[in-house]
Amino acid sequence: MDCKACGGKGILATTYQYGERATILHLIPASPFTETNYVKCGNCGELFVSRLSVFELAKTSAELDSLLGWRVPLISLTLTIGGLILCPVPGIGLVVNVLALLLSSSRPKHWTCTASTIGAVVAVVLTGLYIISFILWYMLNS
Ligand SMILES: [Zn+2]
């Protein structure tokens, strides 16, 4: 497989299948039993969700890219989106964006990495401007 996360080409990937059923309080089934097929990159360990079963995947030589979906941790998505919203806030925006950037740094080709890089740059510039204007304000008032 060609890995979208680390950019590796022709990497040996492991595939496995999970039976999953979403339950409320682990007692009441909330969804029908579903089987999820995972493909794990042998290089970086990134997990992808496959729309085809592992058996179908083994037979197909089609573009895996179109069949594999990202499995990005929710915390990474939350911090990326939160970082973009908070980037104009001096200090806080910077912290959130740097955290998002650290979390997404293992996925350099994913949009969360691009988004948090932009957010971090904007936050750095705005925090810098804020500090400069604070110093100017302090100098003018003293
Ligand atoms: Zn990889």
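Okay, a quick definition to start: we call a crossing left-handed if the near helix is turned anticlockwise from the far one by less than a right angle, and right-handed if clockwise. Keep that in mind while we look at this one, which is a predicted model.

So, which hand is the crossing of α2 and α3? Left-handed. The axes of these two helices come within 8 Å and cross at roughly 145°. On the α2 side, the contact uses Ile 75, Ser 76, Leu 79, Thr 80, Gly 82, Gly 83 and Leu 86. Over on α3, the residues include Ile 92, Val 96, Ala 100 and Leu 103. By class, that contact has eight nonpolar residues, seven polar ones and no charged ones.

Let's stay with α3 for a moment. This helix has 13 residues and reaches 18 Å from first C-alpha to last, close to the 18 Å expected. Its buried residues include Gly 93, Asn 97, Leu 101 and Ser 104, and what covers the buried set includes α2 and α4.

Now the core. The largest nonpolar core has nine residues, among them Leu 79, Cys 87, Leu 94 and Ala 123. Both α3 and α4 supply at least two residues of this core, and α3 gives the most, with five. Ala 100 belongs to that core too. Leaving aside neighbours within four places in sequence, Ala 100 is in contact with Ser 76, Leu 79, Thr 80, Gly 83, Ser 116 and Gly 119.

And apart from that core lies another one, of seven residues, including Cys 3, Ala 13, Cys 41 and Phe 48. That's my tour, thanks!

Conventions:
Residues are numbered from 1 along each chain as its sequence is written. This is a predicted model: local features need pLDDT of at least 70, side-chain atom pairs count only at pLDDT 80 or more; totals for chains, interfaces and linings use all residues. A nonpolar core is a set of buried Ala, Val, Leu, Ile, Met, Phe, Trp, Tyr and Cys residues joined through C-beta atoms within 7 Å. A residue is buried if 20 or more other C-beta atoms lie within 10 Å of its own, exposed if 12 or fewer, and partly exposed in between; C-beta atoms are placed from the backbone. Helices (H or I, at least four residues) and strands (E, at least two) are DSSP runs, numbered from the N terminus. Two residues are in contact if their C-beta atoms, placed from the backbone, lie within 7 Å. The expected span of a helix is 1.5 Å times one less than its number of residues. Axes are lines fitted to C-alpha atoms, for helices over the stretch in contact, and angles run from 0 to 180 degrees between N-to-C directions. Ala, Val, Leu, Ile, Met, Phe, Trp, Tyr, Cys and Pro count as nonpolar, Asp, Glu, Lys and Arg as charged, and the others, Gly among them, as polar.
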